[in-house]
Every structure is written in C-alpha cells, then in structure tokens.
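Here is a walk through one protein model. Keep the sequence and the 3D view side by side as you read.

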Amino acid sequence: MIKFPAPAHVLFIFFLVPSLPGISKCDENRNFETRTKQVSSKIFIGPSPESRADFEFLKSQNVSSIISVDGAQPRLELAGDFDIKYAHVPIGYDGIKRKHLLQIAKVYQGVEEKLFIHCHKGHHRGPAAAACLLVAAEEISKENGLKLMKRAGTSTEYKGLYSAILSATAITQKELSNTAMPPAFRKPSDRIQSMKLMEKHLENLDEFNKNGFNTISNKPDLSLEHESLLLHQAYKEFSRIKEEQTAKKGGNIHYSRLIKNGIRLTKKLYDSVRVSENGEEIELSQSPREILESIKNNCSQCHKKFRN
C-alpha cells in the first residue's frame with residue numbers, strides 16, 4: 001500500500017460519530033466555517049472559499065493545501081496570502097475519471113499538514129472526490145465512502161459519483177509516479193465558463209427572491225433588473241456553444257428545447273422586473289418569484305438528463 005499522510009486506522013469522525021451533524025441544505029445560508037466538515041484526520045470538505053475570512057479559518061485548521069474540483073477559477077491570490085497551495089482538478093457530476101483521481105492522490109501524498117477539498121457548494125463533487133480518494137488510498141471501505149457522501153448531502157441522482165466509489169481500486173506507486181502534479185488553475189471549456197456565469201446570476205437572483213425582490217443589504221450594487229438581463233444574455237450565449245457531448249448521447253433535440261425554454265423564461269423574468277421607458281411597471285401573468293422557480297426547474301431537468 002502506498003504511504004499517504006493519513007494513517008489507515010484513523011477514526012473518520014464525520015460518519016462514525018452520531019452526534020456530528022452532516023451537511024444540509026440549510027447550511028447554505030450559514031457561514032463557511034459551519035459548512036466546512038472534517039472527514040478524516042487529514043481531510044476537510046466544504047464549499048468554495050471566497051473571502052479572506054474563509055482562508056483565515058482554513059489556515060487556523062492547519063490546512064496547507066486545497067484541491068478544487070469545481071470549474072470556477074480558485075481564489076489563488078487569497079490562498080497565497082495565507083501560504084496555502086492550490087491544485088485545480090475539475091470533475092463533472094457524471095463520475096470521477098481515474099486520471100483525475102490520480103491527480104487528487106498526487107496532491108494528497110505530498111500534503112504537509114491538512115488538505116481541504118471543495119466543489120462549489122460542498123454537497124456533491126467535493127465529498128465524492130474525498131470519499132473516492134480515501135477508498136483508493138485504502139484508508140476507508142467503500143461502504144464508509146458511500147456513508148461519507150450521504151452525510152455530506154450528495155444527491156443519489158448523481159449516480160456516476162456514487163459509482164465512482166464502488167468502482168474505485170487501490171492506487172499503485174507506478175500510477176502516482178506517472179502522474180504529474182495538477183496546476184493551480186486549469187482554464188475550463190467555453191461551455192463550463194458559460195454555465196458558471198449562468199449559475200452566478202441565478203444565485204444572485206435567488207438572493208433577491210429571498211429578500212422579497214428588494215435590494216440585497218450586503219450587495220447594494222446589484223440591480224435586480226440588470227441581473228435578470230445578464231442571466232438572459234448568458235442563456236443566449238450558452239445556446240450558441242456547440243454541445244458535442246450531448247449530441248453524442250443523441251439527446252440534442254431535448255437539450256435544445258430546454259435551452260430555448262430557458263431563454264424564453266429568462267426573457268420573461270427580465271420583462272417582469274424591468275420598468276418601461278415611461279417609468280411604469282410592466283404587468284405580466286406570472287410573478288417574478290413564479291418565473292424564477294420555473295427557470296430553476298428547467299435547470300434541474302437539464303442537469304438531470306445531461307449533467308448527472
């Protein structure tokens with residue numbers, strides 16, 4: 001067995017101690033510290049660290065390295081301020097390729113203190129990557145790997161992520177020797193960048209929704225009308241990107257319909273929140289809240305069929 005920094009007999013407190021809470025959807029409204037969980041003596045999982053306070057907390061937990069499995073660009077400058085190394089290994093929701101697992105293991109093998117693995121919100125890809133790593137490093141059983149994911153809130157709809165745990169095999173020294181250290185940032189494809197932009201605007205609009213579509217106190221510069229317009233434009237731009245993977249699956253017709261529906265709904269949302277040239281509100285049959293829910297449902301349908 002390859003020597004990794006965490007001993008095989010360590011107590012994996014995240015899923016073995018009943019009193020320790022898992023990650024729930026309500027955690028998304030709580031701070032980074034609350035949403036970050038220790039899953040082994042050497043590994044933490046959680047959402048993407050965004051602020052100086054987030055990195056300060058990680059440093060206080062003796063985190064010396066971070067692996068991002070999300071597509072967005074990591075906050076490299078902030079990490080550097082705290083002398084924390086970054087590695088970028090983006091993975092999808094459909095599974096974990098062996099080459100990506102080996103890159104993650106390569107970083108883990110060289111960790112000086114503790115490692116933090118994150119995706120975007122800390123529910124799905126990050127926990128799956130951590131579980132797959134620990135199973136392949138022969139530090140936990142596949143059964144406990146699945147438990148880790150469930151405690152982290154990983155949706156069972158992401159069958160590929162769960163299959164990655166069941167199919168994980170021990171990593172060999174030869175494999176690691178032939179694996180290069182991943183870069184601090186790997187530029188994502190145009191499709192991924194476009195999806196991240198859509199996700200960002202949708203999250204901002206969801207904050208407006210939770211705030212009764214009034215100005216967000218901690219984001220006073222955000223405009224509801226402008227965010228709605230930007231989401232609509234992001235959908236239009238995304239529709240121009242050729243989706244080769246979807247075409248290969250033979251589902252391009254359904255995919256195109258979902259994207260066109262997204263364009264229609266985001267335009268409808270923009271029309272529902274903007275004001276006319278003479279300052280009067282434009283009246284529509286649906287409220288902004290109802291339209292936003294329809295957009296989110298449309299996204300969920302697309303993710304379920306083409307991303308999961």
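What follows moves from the sheet to a helix, then to the cores and the salt bridges.

This is a predicted model. Begin with the sheet. It is open and has 5 strands, in the order β1-β2-β5-β3-β4. The pairing is mixed. Two strands sit at the edges: β1 (37–38) and β4 (85–88). Each of them pairs on one side only. β1 and β2 run antiparallel, joined by 2 bridges. To find this pairing on screen, look for Lys37, whose bridge partner in β2 is Ile45.

Now turn to helix α6. What covers them? After α6 comes Glu138, with a positive phi near 60 degrees.

Next, the nonpolar cores. The largest has 42 residues. Those with the most contacts inside this core are Ile43, Ile67, Ile96, Leu115, Ile117 and Leu133. Several elements supply at least two residues each: β2 (43–46), α5, β5 (114–118), α6, α7 and α8 (159–167). Which element gives the largest share of this core? The answer is α6, with 9 residues. Pick Leu133 to see how the parts meet. Leaving aside residues up to four places away in sequence, Leu133 touches Ile43, Leu101, Ile104, Ala105, Tyr108, Leu115 and Ile117. Another core lies apart from the largest one. This other core has 23 residues, among them Tyr235, Val273, Ile291 and Phe306.

Last, the charged pairs. How many salt bridges does a search of the whole structure find? The search finds 13. One of them brings us back to α6. Arg125 forms a salt bridge with Asp70, with the closest N and O atoms 2.9 Å apart. Arg125 lies in helix α6 (residues 125–136), while Asp70 lies in the loop between β3 (63–68) and α4 (76–81), so the pair ties together parts that are 55 residues apart in sequence. Both Arg125 and Asp70 are buried.

A second salt bridge joins Glu175 and Arg98, with the closest N and O atoms 2.8 Å apart. Here Glu175 lies in helix α9 (residues 173–177) and Arg98 in helix α5 (residues 98–109), so this pair ties together parts that are 77 residues apart in sequence. Glu175 is partly exposed, at 24% relative accessible area. Arg98 is partly exposed as well, at 27%.

The side chains of Glu143 and Lys147 meet at 3.9 Å, N to O. These two residues are 4 apart in helix α7 (residues 142–152), and are therefore separated by about one helical turn. Glu143 is exposed, with a relative accessible area of 53%. Lys147 is partly exposed, with 37%. Finally, some salt bridges share partners, and these join Asp70, Arg125, Lys196 and Glu199 into one network.

Notes. Residues numbered from 1 in each chain as written. Predicted model: local features only at pLDDT ≥ 70, side-chain atom pairs only at ≥ 80, totals over all residues. Heavy atoms only, no water. Salt bridge = Lys/Arg side-chain N within 4 Å of Asp/Glu carboxyl O. Buried < 20%, exposed > 50% of the residue type's maximum accessible area, 1.4 Å probe, protein only. Core = buried A, V, L, I, M, F, W, Y, C linked by side-chain atoms within 4.5 Å. Contact = heavy atoms within 4.5 Å. Pairing = 2+ DSSP bridges.
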